[in-house]
Amino acid sequence: MCQVIQPSLLTFTCPSFAMADEELVDQKKYFEEACKPKCVKPLLEYQACVKRIQGDESGHKHCTGQYFDYWSCIDKCVAVKLFQKLK
């Protein structure tokens, strides 16, 4: 049986074996959600771009750069926290 070390960070300590009925917790998803408030500016830029190009029928306009800027911000925030948890 696993023991919760830090509930706010979803940190668990488990025996070295895994039981068939237990699922591992993906901490990256939790850290991504925790980092989203720190990346509001790139998110707003992406949303403004999406709104600006909504009526584009040609398909030439896109918001790829803003999308990647947003996820790059989240990834940089997550990396610091996640790599501390990896063994």
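Buried residues are those under 20% relative accessible area, exposed residues those over 50%, and partly exposed residues those in between (1.4 Å probe, protein chains only). The structure is a predicted model, in which local features need pLDDT of at least 70 and side-chain atom pairs count only at pLDDT 80 or more, while totals for chains, interfaces and linings use all residues. Residues are numbered from 1 along each chain as its sequence is written, and side-chain values use heavy atoms, with hydrogens and water left out.

A search of the whole structure identified three disulfides, defined as pairs of cysteine sulfur atoms within 2.5 Å. One of them joins cysteine 35 to cysteine 77, with the sulfur atoms 2.1 Å apart. This pair links distant parts of the chain, 42 residues apart: cysteine 35 in helix H1 (residues 27–35) and cysteine 77 in helix H3 (residues 64–85). Helices are DSSP runs (H or I, at least four residues), numbered from the N terminus. The link of cysteine 35 and cysteine 77 is left-handed, with -75 degrees about the S-S bond. Cysteine 35 is buried at 0% relative accessibility, and cysteine 77 is buried at 16%.

A disulfide also connects cysteine 39 and cysteine 73, with an S to S distance of 2.1 Å. Because cysteine 39 lies in the loop between H1 and helix H2 (40–52) and cysteine 73 in helix H3, the pair ties together parts 34 residues apart in sequence. Cysteine 39 is buried, with a relative accessible area of 1%, whereas cysteine 73 is partly exposed at 22%.

Cysteine 49 and cysteine 63 form a disulfide with sulfur atoms 2.0 Å apart; the torsion of -90 degrees about the S-S bond is left-handed.

Notes
Helix = DSSP H or I, 4+ residues; strand = E, 2+ residues; numbered from the N terminus.
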